[in-house]
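I opened the notebook today to look up sheets, pockets and a few single residues in one model. The entries follow the order in which I went through them.

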Amino acid sequence: MTRTYPLFKVHVDQNAALSGIQQVFESGFVNEGEQVTAFANRLKEILGVEQLVAVNSCTSALTMALHLTGAGSGDEVLTTPMTCVATNIPVLHTGAKIVWADIDPASGNISVADVKAKISSRTKAVMCVDWAGTPVELGELWAVCRDAGVPLIQDAAHAFAAEYKDKSVAHYADFTCFSFQAIKHITCGDGGAIVASDPHRFGLAKKLKWFGYDRDATKDEKGNWKGQKWDADIRLNEAGYKFNMNNVSAAIGLSQLPHVEKIIGGHRRNAAQLDEAFAGHPKIQPLTRPKDSLSSFWVYTVLLAEGMDRDGVLKTLNDQRIMAGLVHLPNDIYTCFSPYQADLPGVREFERRQMSLPCGWWLDEDDMRHVADAMIAACA
């Protein structure tokens, strides 16, 4: 059988996952309960945070974050177009206007200088994305936002276990949103989490994910109602969402968390091999990374030299069953975002030159040598 080198592959401990799901079904309680609590608590340990809420998707987490900033009609949200549309579609639903920030074409991440130039009294939130798992210059960006009194929302869908200055990236934003979707480092089938730096907003996030109820006040650890005590802690003061995670999704996630070091370590090991293979290459440029950061390398993105036939390179690799590709396209090219246009030279340069190679835990040293050699040959 011809070897295939996929760009994405989910790590599944089948026995543990099936056992966890069976326990959920045998309990007769599928909604949010013990498994969701256990999953959230383990995430807090891994990320070194306390104020985390598990939800049903990263899109839901981003929607809640925007809600908690108060973004609405007449406001502006300053955001990057170089991301999955899931980052920015929630902005459209708030009624706020999108203001595109340019990106650093050498990293794919939002330009701090452009954010600083465009942030204004109308800006209700700034949104950034850690492209391919590599953190933005979070220290500088968060400082710009704090100086302007504007919350920073970090879409860390690519960046589970990524670090900045020896801490999880979740320590460097007002809200950090993680994804456990089908092709992420850790999957729940679909799922997400929101980390809020402010205790008050964290308390509101816990309510918003489940209609507006404080679930801790109304239900016990197993998900059973504590009783009908309709006091101020239980009364619905604000209409929330149906964004809570369920026990089946949490059981799938729990089965993978013991393997986090293997998964993330495999991505980092393979990325380091590609770094070495492409160092100084005249036609293949790895992305730049903040010096105090540690990427989780969801994929390995490179920039081709100007004028190269990227489609030809991709076809050559794909014909060899190396599933290189373009992970995301700039959001500003899509019709739903057409009312929001800007001059974005960094985005356009990155768009022309970027492509991503597989570097996941499922590939070994020989595989990565083959991927690197094939890439270099395709660019010859």
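I began with strand β6 (residues 163-164), which pairs with β11 in the antiparallel sense over 2 bridges. This is a predicted model, and I read every entry below with that in mind. I then followed the whole sheet, which is open, has 3 strands in the order β7-β6-β11, and is paired in the antiparallel sense. β7 (167-168) and β11 (293-294) are its edges, each with a single partner strand, so one side of each is left without a neighbour in the sheet.

**The seven-stranded sheet**

Next I traced an open sheet of 7 strands, whose order is β1-β9-β8-β5-β4-β2-β3 and whose pairing is mixed. I noted β1 and β3 (97-100) as the edge strands, since I found that each pairs on one side only. Averaged over this sheet, neighbouring strands are turned by 20° against each other, with direction ignored. As a reminder to myself, strands of a sheet pair through backbone hydrogen bonds, and they may do so parallel or antiparallel.

At the β3 end I checked strand β2 (residues 76-79), which runs parallel to β3 and is joined to it by 4 bridges. Here Thr79 stands opposite Trp100 in β3. I also looked for what packs on the sheet and recorded α4, which touches β2, β3, β4 (123-129) and β5 (152-155), and whose direction makes about 145° with that of β3.

**Leu152**

From the sheet I picked out Leu152, which is found in strand β5.

**Asp367**

I then turned to Asp367, whose place is in helix α13 (residues 365-378). With 8% relative accessibility, Asp367 also goes down as buried. Not counting residues up to four places away in sequence, Asp367 touches Arg3, Tyr5 and Trp362.

For the largest pocket I wrote down a volume of about 370 Å³. It is lined by 20 residues, of which Glu32, Thr37, Ala40, Lys209 and Asp216 are the closest to its centre. The elements giving two or more residues to this lining are α2 (34-47), β1 (52-55), α7 (199-208) and α8 (215-218), and α2 gives the most, with 5 residues. I sorted the lining of the largest pocket into 10 charged, 6 nonpolar and 4 polar residues.

The second largest pocket holds about 250 Å³ of space. Of its 19 lining residues, Cys84, Ala86, Ala157, Ser179 and Lys184 are the closest to the centre. α3 (58-69) and α4 (85-94) each supply at least two residues of this lining, with α3 giving the most, at 3 residues. The lining of the second largest pocket divides into 9 polar, 7 nonpolar and 3 charged residues.

Key. Residues are numbered from 1 along each chain as its sequence is written. This is a predicted model: local features need pLDDT of at least 70, side-chain atom pairs count only at pLDDT 80 or more; totals for chains, interfaces and linings use all residues. Side-chain values use heavy atoms; hydrogens and water are left out. Buried means under 20% relative accessible area, exposed over 50%, partly exposed in between (1.4 Å probe, protein chains only). Contact means heavy atoms within 4.5 Å. On a 1 Å grid over the protein atoms alone, a cavity is a set of points where a 1.4 Å probe fits but cannot get out, and a pocket is an open set with protein on both sides within 12 Å along at least five of seven lines; lining residues have an atom within 4 Å of a point. Grid points are joined across faces, edges and corners, and a volume is the space filled by probe spheres set on the points. Ala, Val, Leu, Ile, Met, Phe, Trp, Tyr, Cys and Pro count as nonpolar, Asp, Glu, Lys and Arg as charged, and the others, Gly among them, as polar. Two strands pair if DSSP finds at least two bridges between them. Axes are lines fitted to C-alpha atoms, for helices over the stretch in contact, and angles run from 0 to 180 degrees between N-to-C directions.
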